[in-house]
Amino acid sequence: MSRIGNKVIVLPAGVSVSVAEDNVVSVKGPKGTLTQAVDSDITVEVEGSELKVTRPTEQKRHKALHGLYRSLINNMVIGVDAGYKRELEIIGVGYKASSANNVLELQLGYSHNIFMAIPEEIKVVTTSEKGQNPKVILEGIDKELIGAVAAKIKSLRKVEPYKGKGIRFVGEVVRRKAGKSASKK
């Protein structure tokens, strides 16, 4: 029994969903439009302000696809209605971030600055207040794209466990290790 796949997606006001003949779902809302190709075995039905995803059989493959496509379509509905936001925090002496024209410039303790082109679907904002760690804020409607870009930025300087320096999500807990001086007591 798929618990996620059986849930009905309630469409907020201002969000419309259309299903094409080749099983491509388009979700249109106040923030933009997203499309997703759905497997031909899975059926997507729009009934008023509710959307149902159904599967033909109880095969393991169909069960997996049922929950997957229900989650993907739900993420699209949330994205075009409210949008998604990811905040990254840069911790380290001399580590800086700035952005201009969707190009993110990072100074992460390497011998050179890192320039990263951000996709046009994502809005990037950097903040650096006195006494606070620099932050990179990603906003957009596509949850998958924001997650991929955030993971790529995070991979540029992974958090090291001794001093905690690196790039992390705001609120992320990093397990710290005691250094070699801790064992000499």
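Mentor: Let's start with salt bridges, each a side-chain nitrogen of Lys or Arg within 4 Å of a carboxyl oxygen of Asp or Glu. Between domain 1 and domain 2 the count is zero. This is a predicted model, where local features need pLDDT of at least 70 and side-chain atom pairs count only at pLDDT 80 or more, while totals for chains, interfaces and linings use all residues. Residues are numbered from 1 along each chain as its sequence is written, and side-chain values use heavy atoms, leaving out hydrogens and water.

Trainee: Where do the domains lie in the chain?

Mentor: An automatic or database assignment sets the bounds: domain 1 is 9–82 and domain 2 is 84–169. Their C-alpha centres are 31 Å apart.

Trainee: How much area do domain 1 and domain 2 bury between them?

Mentor: The size of an interface is often given as the accessible area lost when the parts come together. Here that is about 510 Å² (1.4 Å probe, summed over both parts), with 62% of it on carbon and sulfur atoms. On the domain 1 side, Leu34, Asn75 and Gly79 lose the most area to domain 2.

Trainee: And what is in the largest nonpolar core?

Mentor: In soluble globular proteins, nonpolar side chains tend to be buried together. A core joins buried (under 20% relative accessible area, 1.4 Å probe, protein chains only) Ala, Val, Leu, Ile, Met, Phe, Trp, Tyr and Cys residues through side-chain atoms within 4.5 Å. The largest has 22 residues, and Leu106, Val136, Leu138 and Ile153 have the most contacts inside it.

Terms used
Buried means under 20% relative accessible area, exposed over 50%, partly exposed in between (1.4 Å probe, protein chains only). Buried area is the accessible area (1.4 Å probe) that two parts lose on being put together, summed over both.
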